[in-house]
Structures are given as C-alpha cells and as structure tokens.
Amino acid sequence: MSKTDATVDERIKETSKLRKALIRPELGAIVGTIAVFAFFIIFAGNSGMFNAQGVLNWSTVSAQFMIIAVGACMLMIAGEFDLSVGSMIGFAGMSIAIISVTLGWPIWVAILLTFALCIAIGALNGIIVVRTGLPSFIVTLAFLFILRGFTIFFPQLIERRTIIGGISEAAEGDWLAPLFGGKVGGGFFIWLGDLGVIEVFSRGTRAGQPVVDGIPMLIIWALGLVAIAHIILTRTQFGNWIFAAGGDAQAARYVGVPVNRVKIQMFMFTAFCACVFATCQVIEFGSAGADRGLLKEFEAIIAVVIGGALLTGGYGSVIGAALGALIFGVVQQGLFFAGVESSLFRVFLGVILLFAVILNTYIRRIITGER
Amino acid sequence: MKAVMKTVTIAAVAATAMISANAAMAEGERYVLVSHAPDSDSWWNTIKNGLALGGEQMGVTVEYRNPPTGDLADMARIIEQAAASAPDGIITTLADFDVLSGPIRNAVDAGIEVIIINSGTPEQAREVGALMYVGQPEYDAGFAAGQRAAGDGVASFLCVNHYIAQPASTERCQGFADGLGIDLGNQMIDSGQDPSEIQNRVMAYLNANPDTDAVLTLGPTSADPTILALDQMGLAGDIYFGTFDLGGDIVQAISDGVIEWGIDQQPFLQAYLPVVVLTNYHRFGVLPGNNINSGPGFVTADALGLVADLAGEYR
C-alpha cells in the first residue's frame with residue numbers, strides 16, 4: 001500500500017516557494033503593470049498624469065474596464081465567452097433611461113428592473129449555449145446584434161431620438177442612485193485641498209473646492225467585485241467548480257460538478273457586471289445613448305487575456321484580469337499624457353496584447369511543464 | 001527574460017523617438033481639441049488638418065483627441081484627462097450637454113480656457129463658461145439660405161427633414177421659411193432615414209403639391225435620394241434645389257446644375273480659428289466680442305473647382 005519515493009503523488013509533491021510564486025497566472029500582468037508604470041513615470045511623470053486629477057482619470061477608466069473584465073474573466077475560466085457585453089451596456093443604460101425618464105417611474109425601480117432584465121438575458125445566453133452545445137462565441141455574437149438593435153429601436157420608437165437625457169433630475173434624492181453615481185471621501189479631499197496637497201478650482205461657483213471631490217462609486221464597485229470574485233474563485237468550492245467546468249467539462253461532470261448550472265450562473269454574473277457598468281455610467285452622466293459600450297466586449301476580453309487567463313478556459317485569475325484592466329486603462333489614458341498621437345493608441349494596444357499573450361504562454365509552459 | 005527586456009528597450013526607444021518628435025514642435029501654448037467623432041468618420045479629417053495648420057502658423061502645440069468608437073461617455077473621460085494634463089486651452093464639441101457639461105465646467109473652473117465648436121449652441125457654450133462658440137448656428141444658416149432663395153424668386157418650398165428628432169434640423173427649415181418671409185406650415189416633411197422611403201415621400205409630396213418652387217435637403221442622407229426622385233420626375237435642374245452640407249453626390253449634382261447651392265459649414269474654420277483666437281487671447285489678451293459663425297458658406301457651380309480639389313483635406 002505504501003508508495004516508494006519515486007512515485008510520490010504529484011498532488012502532494014513539495015514545490016519551492018519561488019516556484020509557487022511563479023506559478024501564478026497573474027505573474028505576466030504584474031510584470032506588465034510595473035513596466036507600464038515605469039514607462040509612464042519616466043515619459044509622462046510631470047505631465048499631470050500623476051497629479052490628483054490625472055490619477056483619478058486613469059483610475060476611473062481602469063475601474064470601468066475592471067468591472068467588465070471581472071465578469072469576462074470568471075466566464076472565460078468557466079470555458080465560455082460573452083461578446084454581448086458591450087451591447088448589454090448600451091441596452092441596460094437605455095432601459096434605465098426609458099423606465100425612469102419616459103415612463104416616469106422612480107429611478108430605483110428602473111435600476112432594479114434593469115438588473116433583473118439583464119441577468120435574465122445573461123441566463124438566456126447561458127441556457128442557449130448549454131442546451132444547444134453551440135459555441136458561446138456565436139450565441140453571444142447574435143445577442144450583440146439583437147441587444148444593440150433594440151437599444152437603437154426603442155428610444156427611436158418612443159422618443160424619436162437615440163439619446164435620452166434627464167436622468168440626473170430623475171435620480172435626485174433617490175436612495176439607490178448614489179450607490180452607483182455617488183462619491184465617497186469628499187471631506188478627506190476637501191482637507192487635502194485645504195492643505196494644498198491637491199489643486200483647487202481657481203474660479204467659478206466651486207472656486208476653492210478641490211479639483212477631485214471624492215472617489216467615484218465606480219471605483220469602489222470595481223475593487224469590491226474584484227475582491228469578491230477573487231475570494232469565490234480561490235477560496236470556495238464553487239470556485240473550484242468554475243475551474244473544473246472550464247478545464248474539462250466532461251471530467252467535471254463525472255465527479256459531480258453541476259457544469260451547466262455553473263456556466264449559466266457565470267453568464268448571469270457577466271450580465272450583472274455589464275449592468276453595474278451601465279448604471280454607474282448613466283447615473284454619472286445623466287443620459288443614455290444608443291452608441292454606449294461599443295466594442296467594450298473586446299476590451300474586457302483583452303484585459304482578461306493580458307491578465308493571464310487561457311482563452312480555452314480552466315486557467316486564469318481575477319487579480320490578473322484586474323491588473324490587465326489597469327494596464328489597459330493606464331496605457332489608454334497615459335499615451336495622451338505622454339503626448340503620443342492618439343491614432344497610435346491601437347498600435348500600442350495591439351503590441352501590448354501580443355506581447356502579454358506571448359509572455360504569459362511562455363511563463364505558463366515553463367512553470368507547468370506542458371509540452 | 002533577456003529577450004523580453006530587449007523588446008521592452010526597443011519599444012521604449014521607439015516611443016521616445018515618437019514623443020520627442022512631438023515635443024520638438026512644443027513652444028509656448030498647448031491646445032487640445034476634443035471631438036465626438038469616431039475614428040471612422042472622415043468628415044473630421046478637415047478639422048484635424050485645420051487644427052494642425054493653425055498650430056503650425058501660430059507656433060503652438062496642438063493635439064487632437066477623439067473617442068475611437070464615438071462613445072460620448074468616453075469623450076467625457078477624454079475631456080477630464082485633457083484638463084488633468086493642464087493645457088492652456090481646450091477646444092471641444094458639445095455633442096450631448098448632459099454628458100459633457102460637467103467635465104467642461106470643471107476644466108473651465110480649473111482655469112483652462114474653453115472654446116466650443118461645431119455641436120451645441122451659443123447659449124450652451126455660455127452656460128458651461130466657454131469663451132465663445134465657433135460653428136454654424138442652424139437657424140441663421142437657414143435664414144441666410146432663405147434670403148438667397150427669395151432673391152432667386154422662390155415663394156414656396158419643401159424641406160426634406162431626415163432627422164426630425166434633432167431640434168437643430170427643424171431650426172434649419174424654420175430659418176429658411178423665415179428667410180423667404182413665408183410660414184413653414186406643413187412644408188417640412190419627416191422623411192425618415194431610409195433612402196427609398198425618402199425618395200418616395202419626396203415624389204409623393206411633389207405630386208400632391210405640383211406648384212412647389214424649391215426643395216431644401218438637410219444633408220447627404222436626404223439630398224442623395226432627393227436627387228434620384230427629381231431625376232425620375234423629370235424635375236432635375238428645373239426645380240430650385242438647395243442643400244445643407246456637402247458630399248460626393250451633392251458636389252456632382254452641383255456641377256450638373258441640379259443643385260443650386262450647397263451650404264458648407266466650413267469645418268476647417270471650426271478648428272483653425274479657435275487656435276488663432278486662443279493664442280492671441282493668451283499672448284495679447286485680445287478676444288473677438290462675439291461668437292464666430294464658421295458658416296454658412298455657399299458652394300455653387302462656380303466655386304466648385306477649389307472644393308473638388310481640396311475635398312476631404314481643407315474643405
């Protein structure tokens with residue numbers, strides 16, 4: 001019964017600390033984040049990128065990417081894609097606008113109904129994928145068009161235009177809206193402004209107030225979602241199910257993992273994340289447009305891939321995806337501060353993506369010893 | 001890892017080269033133009049060229065920024081970002097007041113001079129605290145066109161409105177009617193966006209109202225099908241036909257004598273003039289006392305040569 005030394009089970013084999021540190025899927029993203037920050041500190045250090053406004057700017061953009069990247073990451077680990085994220089953002093925003101502004105219902109009702117609607121559509125996506133066995137790529141591509149079509153059709157039908165405003169007025173005094181569009185830590189920033197640590201407005205009705213008047217709830221949502229998703233993924237049984245469903249669905253079924261349920265729930269979670277993104281956006285800007293969220297599905301996937309997840313599922317990390325989103329946001333906004341021609345952004349994006357994927361694959365092959 | 005470091009070094013060197021190429025032009029003021037146009041919209045190329053020329057002639061650094069997909073929420077972030085980089089001035093469109101007024105206001109309050117171009121209205125520009133508005137006030141453009149048509153003996157018209165939900169489009173028709181000195185009444189039709197639908201509605205209207213003197217279209221979307229409709233009815237070149245904005249078919253129709261004139265809002269000026277105005281404001285403290293109308297510029301068959309030559313570049 002006892003094993004000889006030569007045949008020790010690989011699952012209980014001792015691995016060195018260094019090796020354990022390197023085996024993390026987010027290693028590439030960590031290296032990338034350091035490189036990107038080093039780059040911009042050198043080339044854009046005194047351009048305003050690292051003053052209070054600049055930091056808030058790229059953190060907000062990164063947080064936006066993070067929110068959708070978390071959903072896309074969990075889903076990708078479970079072995080599926082969702083290409084309808086961008087259209088879902090436009091659709092959710094428009095849904096909130098139509099229910100609150102056109103129908104005149106309270107904004108909290110609009111938000112809750114929209115969340116229910118989006119999660120239901122996410123579930124539908126999942127059910128179709130699971131039942132038909134079709135690639136999620138195709139099923140969600142269909143929803144990319146369906147949702148975008150409705151987002152343009154309904155406001156045109158009802159209001160005869162494609163941008164619906166007036167949400168700010170509708171959201172005034174609402175109990176739920178500040179959870180998405182509010183800011184926290186206002187007092188702290190006023191204190192910093194008084195100390196002269198951050199700049200204050202030099203004129204206008206808000207003269208003397210700090211240029212940054214709080215941390216947007218968007219950032220809190222992003223950090224919260226990352227933390228919760230990371231804990232679920234790495235510390236719970238359900239997290240193991242997600243990895244198993246994406247790694248080898250058939251094997252997972254044999255050991256009793258409810259693969260279909262897990263996948264459908266991940267589609268619902270992705271839709272939830274898209275809805276959080278949309279809600280924060282419409283509450284902050286006060287209007288919903290039919291063109292909101294274009295191409296966001298790819299941005300989410302790019303962030304996740306930079307973060308070290310495998311496109312085929314079963315491998316990845318939420319922390320990595322979050323760092324991928326950070327890299328994405330910092331590069332997108334940072335190139336501007338560095339004074340690079342804006343049309344070159346896509347070139348940089350492509351280079352970074354390619355670079356990240358090659359690096360990640362390289363690291364993973366060495367570490368896991370595959371092929 | 002060595003190969004990786006090498007790649008990083010090469011990328012950094014390449015980037016440095018690009019950045020210093022940009023910085024070499026830097027001397028004095030820096031202005032950022034933010035538009036709402038997606039990368040795919042070629043109309044804005046004229047704006048880019050006008051901006052670059054303005055920067056070159058005034059010896060200032062100019063930058064053009066736009067949301068790659070045309071997402072206005074992204075545009076708001078770009079304005080915030082432009083403000084954070086502390087330029088001397090921001091030139092921006094005001095495509096959606098709800099979304100953009102906050103970030104623009106913040107930039108103004110942070111001590112950055114702002115000029116609104118193209119979209120938005122002079123009133124909205126004042127409201128966000130901008131120095132001025134450079135664009136084509138739609139009512140005034142329609143009015144000038146109406147006066148011109150009245151001089152040519154027009155007494156009744158059809159306004160083909162393909163974007164009736166947009167208040168600016170209605171103002172164009174209203175201005176035209178007022179310029180003619182007649183009531184708009186029901187001479188404006190909601191044509192929708194579909195080409196064959198537009199064509200059929202124009203034909204239906206002209207059949208029902210055969211004594212209509214003139215047709216006014218509001219852009220290539222409604223002008224192109226209207227040209228076809230007039231062709232089919234044998235009215236091309238016979239009925240007085242004017243249009244807003246220019247496009248390939250419109251330019252062709254002007255040279256064929258089907259369209260009398262096209263109203264050009266002259267986007268070149270919308271980018272070029274703000275750079276000149278801001279630079280002189282910062283250097284000498286001088287500022288024109290009013291908003292600047294970049295249009296209407298009337299393009300007729302006589303002036304077509306220059307337009308055709310420079311189309312997409314400066315026109």
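Tutor: Before we begin, helices here are DSSP runs of H or I with at least four residues, numbered from the N terminus. The structure is a predicted model.

Student: How far does helix 5 of chain A reach from its first C-alpha to its last?

Tutor: This helix has 26 residues. At 1.5 Å a residue, a span of 38 Å is expected. The model comes close to that value, with a reach of 37 Å.

Student: Which helices of chain A do the buried residues of helix 5 pack against?

Tutor: A residue counts as buried if 20 or more other C-beta atoms lie within 10 Å of its own. In helix 5 of chain A, the buried residues include A:Ile107, A:Ile111, A:Thr114 and A:Cys118. An α-helix has 3.6 residues a turn, so residues three or four places apart point the same way. The buried residues of helix 5 of chain A pack against helix 4 (85-102), helix 6 (136-159), helix 7 (167-171) and helix 13 (259-285).

Student: Which element gives the largest share of the side of chain B that touches chain A?

Tutor: The contact takes 35 residues from chain B and 42 residues from chain A. On the side of chain B, helix 1 (2-23), strand 2 (61-65), helix 3 (72-84) and helix 4 (97-109) each supply at least two residues. The largest share, 10 residues, comes from helix 1 of chain B.

Student: How many residues of the side of chain B that touches chain A are nonpolar?

Tutor: This side of chain B is divided by class. Nine of its residues are polar and seven are charged, while the nonpolar residues number 19.

Student: Is B:Asn118 buried or exposed?

Tutor: B:Asn118 lies in the loop between strand 4 (113-117) and helix 5 (122-127) of chain B. Its phi is near 65°, a positive value in a residue other than glycine. Because B:Asn118 has 23 C-beta neighbours inside 10 Å, it counts as buried.

Student: What is the phi of B:Asp245?

Tutor: B:Asp245 sits in the loop between strand 9 (240-244) and helix 10 (248-256) of chain B. It is buried, because 20 other C-beta atoms lie within 10 Å. Most residues other than glycine have a negative phi. For B:Asp245, however, phi is positive, near 60°.

Student: Which two residues of chain B does a cis peptide bond join?

Tutor: Most peptide bonds are trans. In the loop between strand 11 (292-293) and strand 12 (297-299) of chain B lies B:Pro296. With omega about 5°, a cis peptide bond joins B:Gly295 and B:Pro296.

Conventions. Residues numbered from 1 in each chain as written. Chains lettered and ligands numbered in written order. Predicted model: local features only at pLDDT ≥ 70, side-chain atom pairs only at ≥ 80, totals over all residues. Buried ≥ 20, exposed ≤ 12 C-beta atoms within 10 Å, placed from the backbone. Expected span 1.5 Å × (residues − 1). Contact = placed C-beta atoms within 7 Å. Nonpolar A, V, L, I, M, F, W, Y, C, P; charged D, E, K, R; others polar.
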